[in-house]
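Hi everyone, thanks for coming. I'd like to walk you through one chain today, so please have a look at the screen.

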Amino acid sequence: MTNACCETMTDCMSLSMLKAGSRGNILKFMIDCDDMHNCRFARRLKEMGLHEGASFEIIQNDGSGEVAVVCEGTRIVLGRGMASKIKVEVTEGACLDNSTFGKFCRRFGIRCRM
C-alpha cells in the first residue's frame with residue numbers, strides 16, 4: 001500500500017518539514033522578488049550551490065530552529081522561515097512529526113515515510 005499522506009502532498013513539501021537524513025531534489029524557491037532583500041538571498045543561495053534541480057540531504061532539523069543542509073557538497077544552515085520557502089521533492093526520508101503532514105499522518109494512523 002502506498003503512503004497517500006506523503007505522495008499526494010509532495011508538491012507542497014518544504015525543507016523545514018523534513019527530518020535529518022532526508023534526501024531529495026530542490027524544485028523551486030517560493031520567494032517574492034519584489035522585495036530586494038529576498039531576491040538577494042535567493043541569488044546568494046544559488047551562488048552557494050542551492051539551486052533548482054540540486055540534490056540535498058538534511059543534516060539537522062529539530063523542528064524549532066535552524067535547518068542544516070548539504071547541497072552539492074556545500075553545508076548551508078538556513079533559518080526556519082527561509083527553509084520553508086524552498087519546495088522540494090523527497091526521494092528518501094520522513095516528515096517531522098510536528099509538521100502539517102506529520103500531524104495529518106498521525107491523525108489517520110499513517111506512517112509518514114517517503
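This is a predicted model: local features need pLDDT of at least 70, side-chain atom pairs count only at pLDDT 80 or more; totals for chains, interfaces and linings use all residues.

What is the chain built from? It has four helices and five strands, and from the N terminus the order reads α-β-α-β-β-β-α-β-α. Of the 114 residues, 40% are buried. The chain exposes about 6500 Å², with carbon and sulfur atoms supplying 49% of that area.

Now to the inside. The largest nonpolar core has 24 residues, and those with the most contacts inside it include Leu15, Phe56, Ile86 and Val88. At least two residues of this core come from each of β1, α2, β2, β3, β4, α3 and β5.

Next, serine 14. Where is it placed? Serine 14 lies in the loop between α1, residues 4–7, and β1, residues 23–29. Is serine 14 buried or exposed? Its relative accessible area is 2%, which is under the 20% cut-off, so serine 14 counts as buried.

And what does serine 14 touch? Again setting aside residues up to four places away in sequence, the list is Ala83, Ser84, Ile86, Lys87 and Val88. There is also a polar contact of 3.0 Å between the side chains of serine 14 and serine 16.

That's my tour; happy to take questions!

Key:
Residues are numbered from 1 along each chain as its sequence is written. Side-chain values use heavy atoms; hydrogens and water are left out. Buried means under 20% relative accessible area, exposed over 50%, partly exposed in between (1.4 Å probe, protein chains only). A polar contact is a pair of N or O atoms within 3.5 Å; within protein, one must be able to donate a hydrogen and the other to accept it, and residues adjacent in sequence count only if both atoms are side-chain atoms. Contact means heavy atoms within 4.5 Å. Accessible areas come from the Shrake-Rupley method with a 1.4 Å probe; for residues, only the protein chains shown count as cover. A nonpolar core is a set of buried Ala, Val, Leu, Ile, Met, Phe, Trp, Tyr and Cys residues joined through side-chain atoms within 4.5 Å.
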